[in-house]
Amino acid sequence: MALIETRNLNKIYALGDEGVHALVDVSVTVEDGEFVAIMGPSGSGKSTFMNVIGCLDEPTSGQYLLEGIDIGKLNRNELAEIRNKKIGFVFQGFNLLPRTSAIENVELPMLYNGTAPAERRRQAIASLKALGLEGREHHHPNQLSGGQQQRVAIARALVNRAPLILADEPTGNLDTKTSIEIMELLVRLNDESGITILLVTHEPDIATYSKRTVRFLDGKIISDELVKKT
Amino acid sequence: MIGIPSTFKISFRALRVNKMRSSLTMLGIIIGVGAVITMLAVGTGASARISQQIASVGSNLIIVLPGSTTSGGIRTGFGSQPTLTKDDADAIEKECPAVAAVAPNLNGTAQIVFGNQNWSTAVYGTAASFLEVRDWPLHSGRNFTEQDVRSATKVCLLGQTVQDNLFGSMDPVGQIIRIKKLPFLVIGILERKGQSPMGQDQDDVIFIPVTTAQKKIFGTAFPGMVRTIMVKAKSTQDLDAAEQQIIALLRQRHHIGPKADSDFSTRNLTQMMQVAEQSTKVMTLLLGAIASVSLLVGGIGIMNIMLVSVTERTREIGIRMAVGAKTMDIRLQFIIEALSLSLIGGLMGIIIGISGSKLLSILAGWSTIVSPLSVLLAFGFSGLVGIFFGFYPAYKASLLNPIDALHYE
């Protein structure tokens, strides 16, 4: 069974008279353990696609199966539960809670699945440690560098042992050196832990870290090919 | 689902971040709760004072006053013409079944002398049953007897104010005082009674047998005349019956035809007091209601701030939703935040309310009573206000679209 399977996804935004056709019959399958880069110019539909895959948005029509679960049949709270258990998000703007320590940011997903406070703390510490953030547990986001903030976000994405990480331009706000660090981190997670990663980027350099590249244009997939490793 | 303790922690943090805003919002609730508690304390204090005064006059009391008589076409007011006698009082006691005790009363002011001290006070001539009628216990010594009344002996009971002024700390029982130059043996001291509902000092008084007053102190226009008759009914239920029986009996005794006006009148003191008590209760309610309005306004302040807060923290809500917060989690978070505001405000309001009541009784001399019920009521009400006014902002937050919230700038 594929981790992600979409069949004829369509998304139409009601905008003006005609509406915007953001996704047109998108059918794609992602197996467990893949590292896929989603590329395309802005407005190509790649962000809409990621939102649908992240269970943050619903397609207008079509079917989306995540680990065989038909996401279209779930209500708001069931979607929240899927996001909590199956998906880790890494955003371009990090999206950490301001004025909240690193450790509490990492604990956040566990707050919503009933993990006991002591266990939350233990797992959050372990998760931060695995990402080399030991000693930064009680720093607030504004006391951390961009790379460190992104690593806190990745720790948060990993803490519930989600099989899928959705990274939306994770290096967009970072300098080149830090970008490379973050990408190598993602590659290692993919290689060593077998976590499936979907990465949205418009930088070809960043895309080369992935194993497969899917290109979007005008809401359609125009190419889907494996990355040749040199 | 997220646990309640964690939610409280999140809420407290959010409130701490905006200290100024949180405290100003709380101020509305603090003033509201403080006002409710103070107002109820003022009202409760006033009605407690009235109840106390009612008790001090005596319960189930009817006063019979001599009436307006018409002489030569000129009607005089109540009490201007003496018409009542001690025999009337005795008849009421014997013939009215709803009556428990009767005390005739002939009073006036007289100069009292003891040793080198003197004092002007009210002297009441009355019967031995007087203490029962007025629910007035003896502090020391003994009451006078039927025998004293029959033989018009010169004995007297002193009120506490008279004792204080004439004797100081000395025990007056067994001493001889002079009332209008006549020697009287002090046989008893009455308990302190305090102010009457009309503000008179009830303890500035001397009681002597009514016959002694009639014959030796004040004299009478006709034999056996008394000024008023005080009647105690058997129970509150018997008050009306007793009043009717007294009126019927006295009209018969005074030979008043069916169409003529009575030459006496009756006053039901207890009923008057109860009306006064009732009106203070209404006043208490009114004060409480007015104060509640400020609590309500405080609640609207909470709603206002919570709505601002939801808008400001849209992105935070989006992040929470993205990592798995359910509708109820978000709703609970904001309701508990509003609740924390109102409950902390409520607690501070209780402190303000209690100290405000104390301050009022010290500065303005009003008697205030902070009842635990009013504190509980105000606090509970502030909690309700928090939940009620927190609900809409929380509801609004929980319905946000996760993507829109995440990308909110």
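User: How many bridges join strand 7 of chain B to strand 9 of chain B?

Analyst: This is a predicted model. Strand 7 (residues 155–158) of chain B runs parallel to strand 9 of chain B. Within this pairing, Val155(B) has Leu185(B) as its bridge partner in strand 9. The number of bridges joining the two strands is 4.

User: Do strand 8 of chain B and strand 9 of chain B run parallel or antiparallel?

Analyst: Strand 8 (residues 176–179) of chain B is joined to strand 9 of chain B by 4 bridges. Arg178(B) stands opposite Pro183(B) of strand 9. The two strands form a hairpin with 2 residues between them, where Lys180(B) takes a positive phi near 45°. The sense of the pairing is antiparallel.

User: Which residue in strand 9 of chain B is the bridge partner of Ser140(B)?

Analyst: Strand 6 (residues 138–141) of chain B pairs with strand 9 (residues 182–190) of chain B over 3 bridges. This pairing is in the antiparallel sense. The partner of Ser140(B) in strand 9 is Ile189(B).

User: How far apart are the closest N and O atoms of Arg121(A) and Glu107(A)?

Analyst: The structure holds 24 salt bridges over all chains, and one of them is formed by Arg121(A) and Glu107(A). This pair links distant parts of the chain, with Arg121(A) in helix 4 (residues 117–130) of chain A and Glu107(A) in helix 3 (residues 102–111) of chain A, 14 residues apart. Arg121(A) is partly exposed at a relative accessible area of 29%, whereas Glu107(A) is buried at 9%. The closest N and O atoms lie 2.7 Å apart.

User: How many residues apart in sequence are the parts that Arg313(B) and Glu337(B) tie together?

Analyst: The side chains of Arg313(B) and Glu337(B) meet in a salt bridge of 2.8 Å, N to O. Arg313(B) lies in the loop between helix 9 (269–312) and helix 10 (314–322) of chain B, while Glu337(B) belongs to helix 11 (residues 327–363) of chain B, so the parts tied together are separated in sequence by 24 residues.

User: Which residues does the salt-bridge network around Arg313(B) join?

Analyst: Arg313(B) and Glu337(B) are both buried. Arg313(B) also meets Glu316(B) in a salt bridge of 3.1 Å, N to O; Glu316(B) counts as buried because its relative accessibility is 14%, under the cut-off of 20%. Through salt bridges that share partners, one network joins Arg313(B), Glu316(B), Arg320(B) and Glu337(B).

User: Is the ring pair of Phe8(B) and Phe12(B) stacked, tilted or edge-to-face?

Analyst: A search of the whole structure finds 10 aromatic pairs over all chains. For Phe8(B) and Phe12(B), the ring centres are 6.0 Å apart and the planes stand at 35°. Both residues lie in helix 1 (residues 4–17) of chain B, 4 residues apart, about one turn of the helix.

User: At what angle do the ring planes of Trp136(B) and Phe207(B) stand?

Analyst: Trp136(B), in the loop between helix 4 (130–133) and strand 6 of chain B, and Phe207(B), in strand 10 (residues 205–209) of chain B, are 71 residues apart. Trp136(B) counts as buried at 3% relative accessibility, as does Phe207(B) at 2%. Their ring centres are 5.7 Å apart, and the pair is edge-to-face because the planes stand at 85°.

User: Which residues form one aromatic cluster with Trp136(B) and Phe207(B)?

Analyst: The rings of Trp136(B) and Phe207(B) form an edge-to-face pair. The cluster that holds these two residues also includes Tyr124(B) and Phe130(B).

Key:
Residues numbered from 1 in each chain as written. Chains lettered and ligands numbered in written order. Predicted model: local features only at pLDDT ≥ 70, side-chain atom pairs only at ≥ 80, totals over all residues. Heavy atoms only, no water. Salt bridge = Lys/Arg side-chain N within 4 Å of Asp/Glu carboxyl O. Buried < 20%, exposed > 50% of the residue type's maximum accessible area, 1.4 Å probe, protein only. Pairing = 2+ DSSP bridges. Phe/Tyr/Trp six-rings, centres within 6.5 Å; stacked < 30°, edge-to-face > 60°.
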